[in-house]
Amino acid sequence: MNVLDELNQVSILQIAEDLGLDVKRHRMVCPFHEDDTPSLVLYPHTNSFYCFGCAKTGNGISLYSEIKKMDIKSTIQEMAVEYISDFQQNKNFTKKKIPTSNLFDVAEIRRIQAKEKPTEEIHSQIYESFRDFCLQQKSNELSQKALDYLKQRGFTEKTIKEFRLFAIKDYTEVTWYLKQRFSTLDLQESGLYNQRNNLIFYSHALIIPYYREGRIVYLQGRVIGKPPEGTNRYCFLNNQPLTLFNADVLKKTKTGETVYITEGAFDCMRLVQEGKTAVSLGTANIFKREWAKLFKRVNVVFYLDNDKAGHKAAEELEKIFTHFNISCTRKNLPESYKDVNEYYTGRLGSNEQLGMF
Ligand SMILES: [Zn+2]
């Protein structure tokens with residue numbers, strides 16, 4: 001294990017205590033903004049923090065460096081001495097001559113710290129209550145609109161059911177319902193509610209759940225249809241680590257089988273509908289190195305969006321996978337298509353054109 005890995009294992013609660021910060025029930029008054037209530041929450045399961053007042057976020061190492069006003073390099077050295085018991089005797093750190101640029105690269109730190117930790121049970125309970133409440137409400141105009149939209153994007157009812165997509169039929173009712181069932185702190189920590197204690201999916205009524213072993217571990221909202229000016233198409237949970245979409249499929253794959261990695265969940269769903277095995281990253285900007293291990297036995301094909309971010313991500317991913325000795329190739333979309341789903345819909349026509357509904 002390298003120094004960063006080890007430091008990322010140090011409990012953020014321990015670090016906060018050692019820094020002399022006054023933490024009660026994982027909360028403290030935020031040192032980064034004028035704060036008179038304890039707005040900063042420490043998350044021991046991910047060793048990270050988030051301030052609900054100023055949105056400052058980070059991990060144990062960044063907390064240490066911010067409070068001590070030290071640069072990241074000195075922070076890591078000081079923390080190594082303080083927290084790694086055999087660090088003085090273990091000369092590996094200096095002996096190996098790990099290039100400084102590698103060791104202290106911020107992106108690298110972020111990648112390493114973003115370790116896969118199980119989603120807290122209470123969060124899954126919140127996400128599932130949210131889904132169950134939405135599903136048991138009677139269909140209405142909004143849910144019909146969501147369904148029509150998905151069909152127009154080329155999805156069959158079978159696919160929609162298989163991935164258990166759902167729609168918020170009444171924003172006010174589901175907001176109220178969850179507030180009755182769960183505490184404000186839990187709702188905010190789950191990332192489903194913002195600091196004003198409102199459900200985050202106000203404009204994003206179409207919900208894409210991410211499952212792991214049958215439990216919902218992450219949620220993503222989408223605007224139904226074209227987003228209005230100034231609104232993003234997608235809305236992700238607040239301050240929750242992104243996880244792979246459809247990752248459970250990797251358990252069922254055979255050695256040497258081809259697995260597509262796409263950017264959007266819709267692209268992944270579409271490939272599955274076409275009989276392929278696929279997972280999606282959710283966005284081109286995030287890939288956790290730990291994920292690479294999940295693909296050890298398979299043949300990876302990157303099938304990302306036809307834009308700058310997609311091309312760049314594919315290049316980066318190829319490097320990471322090659323580093324882990326995982327066989328991978330890249331598949332490019334024809335010029336005029338921006339993503340996988342658009343390609344299939346454009347090529348095959350929507351379901352309506354096929355007369356399937
Ligand atoms: Zn703050």
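Trainee: Does Phe87 count as buried or exposed?
Mentor: This is a predicted model, and the values I quote are computed from it. The general idea is to look at relative accessible area, where under 20% means buried and over 50% means exposed. Phe87 has 11% relative accessibility, so this residue counts as buried. Phe87 belongs to the loop between α4 (72–83) and α5 (92–95). From Phe87 to Gln77 the separation is 10 residues in sequence and 9.8 Å in space, C-alpha to C-alpha.

Trainee: How many helices and strands does the protein chain have?
Mentor: There are 17 helices and 12 strands in the protein chain. Its residues number 357, and 49% of them count as buried. Taking contacts between residues at least 6 apart in sequence, 65% connect residues at least 24 apart.

Trainee: How many bridges join β2 to β3?
Mentor: To read strand pairing, one asks about the direction of the strands and the bridges between them. β2 and β3 run antiparallel and are joined by 4 bridges; Tyr43 stands opposite Ser48 in β3. β1 also pairs with β2 in the antiparallel sense, over 2 bridges, and Met28 faces Leu40 of β2 as its opposite residue. Both faces of β2 are covered, with Leu40 and Leu42 buried on one side and Val41 and Tyr43 buried on the other.

Trainee: In what order do the strands of the open sheet stand?
Mentor: The order of this sheet of 4 strands is β5-β6-β7-β8, with antiparallel pairing. β5 (166–167) and β8 (234–236) are at the edges and have a single partner strand each, so one side of each lacks a neighbour in the sheet. Within the sheet, strand β6 (residues 206–212) pairs with strand β7 (residues 215–222) over 7 bridges, in the antiparallel sense. Leu206 has Arg222 in β7 opposite to it.

Trainee: What is the phi of Glu213?
Mentor: Most residues other than glycine have a negative phi. Glu213 has a positive phi near 50 degrees and is a residue other than glycine. Glu213 is located in the loop between β6 and β7 and is exposed, with a relative accessible area of 59%. Asn239 likewise has a positive phi, near 50 degrees. Asn239 occupies the loop between β8 and β9 and is partly exposed, at 30% relative accessible area. In the hairpin of β2 and β3, with 4 residues between the strands, Asn47 has a positive phi near 50 degrees.

Trainee: Which residues of α15 are buried?
Mentor: For a helix, one considers the span and then the faces. α15 (residues 308–323) has 16 residues and extends 23 Å from its first C-alpha to its last, close to the expected 22 Å. Its buried residues are Gly310, Ala313, Ala314, Leu317, Ile320 and Phe321. Viewed down the axis of α15, they fall within an arc of 130 degrees, so they line one face of the helix.

Trainee: What lies on the other side of α15, and what covers the buried residues?
Mentor: On the other side of α15, Lys308, Lys312, Lys319 and His323 are exposed. The elements that cover the buried residues include β9 (258–262), α14 (289–292), β11 (299–303) and β12 (328–330). After α15 comes Asn325, with a positive phi near 60 degrees.

Terms used:
Residues are numbered from 1 along each chain as its sequence is written. This is a predicted model: local features need pLDDT of at least 70, side-chain atom pairs count only at pLDDT 80 or more; totals for chains, interfaces and linings use all residues. Side-chain values use heavy atoms; hydrogens and water are left out. The expected span of a helix is 1.5 Å times one less than its number of residues. Buried means under 20% relative accessible area, exposed over 50%, partly exposed in between (1.4 Å probe, protein chains only). The arc is that of the directions from the helix axis to the C-beta atoms. Contact means heavy atoms within 4.5 Å. Two strands pair if DSSP finds at least two bridges between them.
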